[in-house]
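The sequence and structure are shown first.

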Number of protein chains: 2
Amino acid sequence: MLRLSTKGQYGVRAMFEIARSISRGPTTIKEISERQDVSVAYLEQILNTLRKAGLISSVRGPGGGYVLSGTPDKISIGAILRELEGPVAITSCLDPREGCLRVDGCVTHLLWKALGENIESFLDDMTLKDLLEGNELMATRRRGRRQPEKIRMLHK
Amino acid sequence: MLRLSTKGQYGVRAMFEIARSISRGPTTIKEISERQDVSVAYLEQILNTLRKAGLISSVRGPGGGYVLSGTPDKISIGAILRELEGPVAITSCLDPREGCLRVDGCVTHLLWKALGENIESFLDDMTLKDLLEGNELMATRRRGRRQPEKIRMLHK
DNA sequence: TAATACTTGACAGAATTACTCAGCTATTAT
DNA sequence: ATAATAGCTGAGTAATTCTGTCAAGTATTA
């Protein structure tokens, strides 16, 4: 239950890949495709959505590719997923694009609302920076580095 | 994103309806259907699943219907949803029925795992009793009753 | 001007969802 | 007994969503 679509998952992984390569300049779709094992054609669709949303910008021509629009700590996982999959909406009642016919008297409405807010704050708190640090941590864990709170959560 | 299927939603509402009518004995599918506005045929399918899971039991023949297998405070929303929609599994990688080919080195694996655990503990903490109290509260709110913590969460 | 790389819209097969339908079995009241 | 009530079960299907592919562009640089 409550599965994320592949589009959202690939989107986060693509953003991670762009973030990871910041020092090397723009990252091409081809590179992302190879490193994250997602087809070029599908990534085109996904990255286009994220570009239109302003999360990344593109550089055309040779040497081109995609770059983050902000620093990794300013780009949340929630923001990425919202663009690719729409807002968190456990039920259609709670989707601002649809709306509810029977909000009053619906016993479960508040339950789903509370769950949705819980999920949303989790996703909005987590950023690309956290993913980068979590990744670095996985590689260097044995050297006993200090683990900040949020990263610890990722390793519970 | 992360929408619950109608099956799960209807299931929770049906269970709520059975819980609400405890004092009046077994609740028939027809009653649930009328009060929650879900077709009899679909409810048969849903309640059958919940019965096989042991969350409710059925009484056949005239005067029959469904009754909860335990007290409302022992039946969690998580338990209901798991039966109708399978385990919380943000990605197929995290579904115990499928499994992951590339757990190691997958940067997002821990992220989805942490989110899934967050959701699961929310759903397992919330019970039918909480829904009943939340409902009662909605009806009597203006009289200024004391609100326990979890119920307050439902009204944030 | 050739090569690189992003851009855009249409489309299609597969999977899942959200149900319906028909016919059955068990229990109780008369 | 038997009629009425009420749950039991499996099959089937229309609609929707998901997960992509494909073709034909446009922009930039060496």
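## Basis and conventions

A polar contact is a pair of N or O atoms within 3.5 Å; within protein, one atom must be able to donate a hydrogen and the other to accept it, and residues adjacent in sequence count only if both atoms are side-chain atoms. One such pair places a backbone N or O atom of B:Gly61 3.4 Å from a sugar or linking oxygen of DNA strand D.

The model is predicted: local features need pLDDT of at least 70, side-chain atom pairs count only at pLDDT 80 or more, and totals for chains, interfaces and linings use all residues. Residues are numbered from 1 along each chain as its sequence is written, chains are lettered from A and ligands numbered from 1 in the order in which they are written, and side-chain values use heavy atoms, with hydrogens and water left out.

## Interface of chains A and B

Contact (heavy atoms within 4.5 Å) involves 47 residues of chain A and 47 residues of chain B. The buried area, which is the accessible area (1.4 Å probe) that two parts lose on being put together, summed over both, is about 4,300 Å², and carbon and sulfur atoms give 67% of it. On the side of chain A, the residues that lose the most area to chain B are A:Met1, A:Arg3 and A:Val107, together 20% of what that side buries.

Four salt bridges are counted between the two chains, a salt bridge being a side-chain nitrogen of Lys or Arg within 4 Å of a carboxyl oxygen of Asp or Glu. A:Asp95 forms a salt bridge with B:Arg3, with the closest N and O atoms 2.8 Å apart. α5(A) supplies the largest share of the chain A side, 11 residues; helices (H or I, at least four residues) and strands (E, at least two) are DSSP runs, numbered from the N terminus. That side divides into 26 nonpolar, 10 polar and 11 charged residues, where Ala, Val, Leu, Ile, Met, Phe, Trp, Tyr, Cys and Pro count as nonpolar, Asp, Glu, Lys and Arg as charged, and the others, Gly among them, as polar.

## Strand pairing in chain A

Strands β1 (residues 56–59) and β2 (residues 65–68) of chain A run antiparallel and are joined by four bridges; two strands pair if DSSP finds at least two bridges between them. A:Ser57 stands opposite A:Val67 in β2(A). Five residues lie between the strands of this hairpin, in which A:Gly61 takes a positive phi near 80 degrees.

## Surroundings of DNA strand C

A residue is near a strand if one of its heavy atoms lies within 4 Å of it. DNA strand C is surrounded by 26 residues, and A:Arg51, A:Arg60, A:Tyr66, B:Ser39 and B:Arg60 are the closest. α3(A) gives the most to this surface, four residues.

Phosphate oxygens of DNA strand C lie 2.5 Å from a polar side-chain atom of A:Arg51, 3.2 Å from a polar side-chain atom of A:Asn48 and 3.3 Å from a backbone N or O atom of A:Ile29.

Sugar and phosphate make up 77% of the atoms of DNA strand D that come within 4 Å of the protein.
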